[in-house]
Amino acid sequence: MHRLRFASRFKITLALGISLVTSGCATYGIIDNSSQTSSDGQQNYSMLDYNSGHKGRDDVTVIMSFSGGGSRAAALSYGVLQALRDTPLELEGQQHSLLSEVDMISSVSGGSFTAAYYGLHGERIFSDFEDDFLRRDYVTEWVYGVLSPLLWFSNRGRTDIATGIYEQRLFRGATFADLQQRQDAPFIVINASDLGAGIRFSFIQEYFDLLCSNIADYPIARAVTASSAVPVMLNPVVLKNHKGCLNPIQNYLRELNEEDIAEAKLSPHLHDTITAMRSYAAKDERQYIHLVDGGITDNLGLMAFYEMVEIGGGIEKFLTRLGAQPSKHLVVISVNASTKPQYDIEQSNKIPDIEPTIGAVTDTQLHRYNAATISLMRRTIDRWGHELSSSGQQVKPYFIEISFDGVQQEQRRGFINQIPTSLSLNKEQADTLIHVGSELLRYDPVFKQLLEDLQQPSSNQD
């Protein structure tokens, strides 16, 4: 019933969107990114200026990625955060949680709601996030906003309605300067897709430098909207590609010798990414950057981490910029909320409608790309562990994949796989997803091995 209800809403809003487009009423993206002629002396939300202020153990580095999948992804990643909070570690005779050891979270689409909220509010997420987001029907709120006659006679788009709702309910005026001020927070990387270049765009100062722009005063709500802006249903979020600046990031890309990046020789993906990033220098040709759902270019959030490391000069340099010294345990936790729904098209020889056809095609592409990404990361993290070990200590890598494939009960797994990708969950769905997220991490064999290794006496030695 819930799935049918969402399908009806989708058809209504899609029809409305098409009617608005064909009515001749032009819609323009609001420009919120200010110009910046120089990055010197700026304390913006960048890896170079970031200082987590972690006071935990120095022998473990934890990187997390939150996938797309609407509220389903937000609830699953929230459950994983709960499990990390409830996992105690001992430091100098005192207990603290493994959650405090997280150095970075890379997110796309639905996962960006959880990542951004945690980045801003820390452990307050466990008292407020369920009421602020997981227990709300954002689909209905957005539909009411889109149906308002006031929208028909303005140049505001459907995306502006979504941003306004997230601003009011979740982020309340917060900007990236607020993320910068939280000294005990992990580095949050919210990712969208650059529609023109066909690559990932990350909301950090390094990417804004390419646009001669300042991220400090950019609204968190608009970044999360960009990360989750499903094409057609939502308009792209637009950034101005400003002129008149010179900064280290632009110089680095211009002078970068791809022959020095070993992986670029083997990976057309990295080569294409570097070429596309250089294209931001073409200010006249690329005056405005249109951003849509981050899941289009990286539905797991893992490729953002991979590209940052490889293009930035390797894992050791990356960790140094992040303020995390190479440690004995390198942990990557991938929270993957993609589902494998059962489509009714296999119950009949009737030619399927366009919606289930698009859904099946999208799911096939998504799962194949996710599988390739997971395979790449498993190989790469082993290589990174070897590279870090050469600096004088043995580094053990851990890749922890949290996905619904790990749900053992067939009935529960079937129930979860039928939860649609939307920003609306009923109580049973939300409760199940939160519990499953926590349970999947706690019982993951690699996670258990990590906890066992962290208890070894050698782990507490400098």
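## Close-up views of a predicted model

**View 1. Helices H3 and H7 form a right-handed crossing.** Right-handed here means that the near helix is turned clockwise from the far one by less than a right angle, and left-handed that it is turned anticlockwise. This is a predicted model: local features need pLDDT of at least 70, side-chain atom pairs count only at pLDDT 80 or more, and totals for chains, interfaces and linings use all residues. Residues are numbered from 1 along each chain as its sequence is written, and side-chain values use heavy atoms, with hydrogens and water left out. The axes of H3 (residues 110-121) and H7 (residues 158-171) come within 12 Å and cross at roughly 45°, which makes H3 oblique to H7. Axes are lines fitted to C-alpha atoms, for helices over the stretch in contact, with angles from 0 to 180 degrees between N-to-C directions; under 35 degrees counts as roughly parallel, over 145 as roughly antiparallel, 65 to 115 as roughly perpendicular and the rest as oblique. On H3 the contact (heavy atoms within 4.5 Å) involves Phe113, Ala116, Tyr117, Leu120 and His121, and on H7 Tyr166, Leu170 and Phe171. Helices (H or I, at least four residues) and strands (E, at least two) are DSSP runs, numbered from the N terminus.

**View 2. Phe208 pairs with Phe201 and with Phe203.** Rings of Phe, Tyr and Trp (its six-membered ring) pair if their centres lie within 6.5 Å; planes under 30 degrees apart are stacked, over 60 edge-to-face and the rest tilted. The structure holds 20 aromatic pairs. The ring centres of Phe201 and Phe208 are 6.0 Å apart with planes at 55°, so this pair is tilted. For Phe203 and Phe208 the centres are 6.0 Å apart and the planes at 50°, so that pair is tilted. Phe201 and Phe208 are both buried, and Phe203 is buried too; buried means under 20% relative accessible area, exposed over 50% and partly exposed in between (1.4 Å probe, protein chains only).

**View 3. Arg85 places its charged end over the ring of Phe126.** The distance to the ring centre is 4.3 Å. Lys240 sits likewise over the ring of Tyr288, 4.6 Å from its centre. The criterion is NZ of Lys or CZ of Arg within 6 Å of the ring centre and within 35 degrees of the ring normal.

**View 4. Helix H15 (residues 302-311) is mostly covered.** Ten of its ten residues are buried, including Glu307 and Glu310. Gly313, with a positive phi near 110°, follows H15.
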